[in-house]
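Let's take a walk through this structure together. Have the sequence and the 3D view open as you read.

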Amino acid sequence: MSEAVIHADVAVIGAGSAGLVARRHALRSGAKRVLLIEGGPYGTTCARVGCMPSKLLIAAADAAEQLRSARMFGIEAGSVEIDGAAVMARVQRERDRFAGFAVESSEAIDASDRVRGWARFVGPRSLVVDTAEGSVRVEARAVVVATGSTPWVPPGLRGLGDRLLTSDSVFELPTLPRSLAVVGAGAIGLELGQAMHRLGVETMIFAKGSRMPLVSSEVMQGVARELFEASLALHLGVADVAGERLEGDRGVQLRWTGADGGAREAEFEYVLAATGRRSQLDRLDLGQAGVELDAEGRPTSWDLRTTQIADAPIFMAGDVTGVRTILHEASAEGRIAGSNAARHPDVRAHDRQVPLRIMFTDPNIAVVGEIPGDADERACAFGEVDFSNQGRARIIGHAHGRVRIYGRREGGEILGAEMIGPGAEHMAHLLAWSIEQGLSAQRAVEMPYYHPVVEEGLRTAFGELAKKCRA
Ligand SMILES: Cc1cc2nc3c(=O)[nH]c(=O)nc-3n(C[C@H](O)[C@H](O)[C@H](O)COP(=O)(O)OP(=O)(O)OC[C@H]3O[C@@H](n4cnc5c(N)ncnc54)[C@H](O)[C@@H]3O)c2cc1C
Ligand SMILES: NC(=O)c1ccc[n+]([C@@H]2O[C@H](COP(=O)([O-])OP(=O)(O)OC[C@H]3O[C@@H](n4cnc5c(N)ncnc54)[C@H](O)[C@@H]3O)[C@@H](O)[C@H]2O)c1
């Protein structure tokens, strides 16, 4: 039987955040027919298993923490009782609401412009999609690969069966676990590990690396380690983390080698692998598209400003690139990829936004723009503020953390910032917008600052930076 063939101007593989935006922008840029191909569930990673459920769990943890910390203000809230089933029910209810909107936006697309199944390349412009009804051939003038990423689990944890969690499954738990080993201290490990700890789950966090995420200078590394090690059972620099599923309800026996070289073990009800994510390229057979691939199957050439793979009629956007693996960058890349795919071969380079990353831990960790290394010391300077003595931070009982703002010595242009502290998620936005506007440290000091707010700390750091710069 011959395969059905669908002709399209642009084929978008993946109905996640990047793919949905790419489809819209391909249509806006003149494509007449855009085909959206999705192999998994609609609803997007962000809404189903990513940004939204993780922030919902953190919101519950923050509520518990606020009650506990009320004592500092002379308020006795009594013992904090956590109803794990109710916590997870709210996470799931609100998550379903968010994911429902994303499902609706996919299902609103005309059925003839959608295919459900896993796509693979059979040529630079040709795909085969394995659908429930058989395979479909797609011929497109250009293709957008927006296939996202999936959790990676180290071999030592793969045999844990029903007691192994990843971010794909943890939000499905009917109630909070009694105890949890979180393997990985990146964005997922620290956000979820801290939330679980605050929700009364006996939590230990382990990571192979010995550095804290996002911040790069040694000073900020020190601040991050000190703050998080003081409040969490955080074990950095461990090796050989491996587990064994125990019988019945006993959970998991986890073994690891501590940073001091000593062998350790402990029992946990569940293990959460938060050990990084891998681009979903495996099903795609990109080699068949004539794209040059490295040893890990990734394209050797991808342009951040055009999103094009080498000079192929193929564009790549979102987590699959493995470069800027966060939501607003997936959307930005979707916009570029969609419009360039529609215009191909008239491919245009777009300026990318100032990098901005935020971890929703308490305190927040954030990094904005470019962080100069030690080698750039002659051209760049920094100004700092320590939040342990900052007015508003002391008032609200969150007097910890530090902000370091970097700028160019010649002219004082603000380049970037590393921050750990109260409200860093908001201050990071101010900084990102300032950098986008080309603001100098001298001008930033002259901006309005209400009193008393944590942003006054930024003025202190801008002031110190301005003194080190020539106007
Ligand atoms: C726990 C967690 C918390 C996060 N928190 C934040 C946060 O607070 N802020 C933030 O900015 N980012 C956060 N992120 C990251 C953010 O979720 C991602 O950057 C974003 O969702 C990536 O979108 P995407 O479109 O690239 O991928 P996805 O939304 O994963 O879409 C890819 C789609 O492609 C489909 N697909 C794959 N291969 C094929 C194929 N061969 N054929 C057909 N379809 C295919 C998949 O099924 C999937 O639906 C978080 C991620 C996680 C896991
Ligand atoms: N707030 C946010 O923006 C946010 C929140 C959550 C997730 N995310 C996205 O999800 C991505 C993935 O997050 P992640 O935390 O899984 O990855 P990550 O790469 O940030 O961190 C991986 C961690 O796992 C550890 N690790 C790796 N292999 C190990 C092993 N074999 N044994 C022990 N430890 C090991 C590393 O040392 C590191 O601490 C992030 O990079 C980000 O793009 C973003």
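First, some ground rules. This is a predicted model, where local features need pLDDT of at least 70, side-chain atom pairs count only at pLDDT 80 or more, and totals for chains, interfaces and linings use all residues. Residues are numbered from 1 along each chain as its sequence is written, chains are lettered from A and ligands numbered from 1 in the order in which they are written, and side-chain values use heavy atoms, with hydrogens and water left out.

How confident is the predictor? The protein chain averages a pLDDT of 97 (the predictor's confidence in each residue, from 0 to 100). For the complex, the ipTM is 0.99 and the pTM 0.98.

The chain splits into domain 1 (5-48 + 91-151 + 278-343), domain 2 (155-275) and domain 3 (356-468), with bounds that come from an automatic or database domain assignment. Between domain 1 and domain 3, the C-alpha centres are 37 Å apart.

Now look at ligand 1. It has 36 residues around it, and Glu38, Thr45, Lys55, Asp319 and Leu327 come nearest; a residue counts if one of its heavy atoms lies within 4 Å. Backbone atoms take part too: a nitrogen atom of ligand 1 sits 3.0 Å from a polar backbone atom of alanine 119, and an oxygen atom of ligand 1 is 3.0 Å from a backbone N or O atom of serine 17. On its own, ligand 1 has 1000 Å² of accessible area, and the protein covers 92% of that (areas come from the Shrake-Rupley method with a 1.4 Å probe).

Back to ligand 2, which has 23 residues around it; Ala185, Ile188, Glu191, Thr325 and Ile358 come nearest. Taken alone, ligand 2 exposes 860 Å², of which the protein buries 76%. Helix H5 (187-198) and strand E18 (356-359) each give two or more residues to this shell; helices (H or I, at least four residues) and strands (E, at least two) are DSSP runs, numbered from the N terminus. The largest share, four residues, comes from H5. Seen by domain, the shell around ligand 2 draws at least three residues from each of domain 2 and domain 3.

Notes. A polar contact is a pair of N or O atoms within 3.5 Å; within protein, one must be able to donate a hydrogen and the other to accept it, and residues adjacent in sequence count only if both atoms are side-chain atoms.
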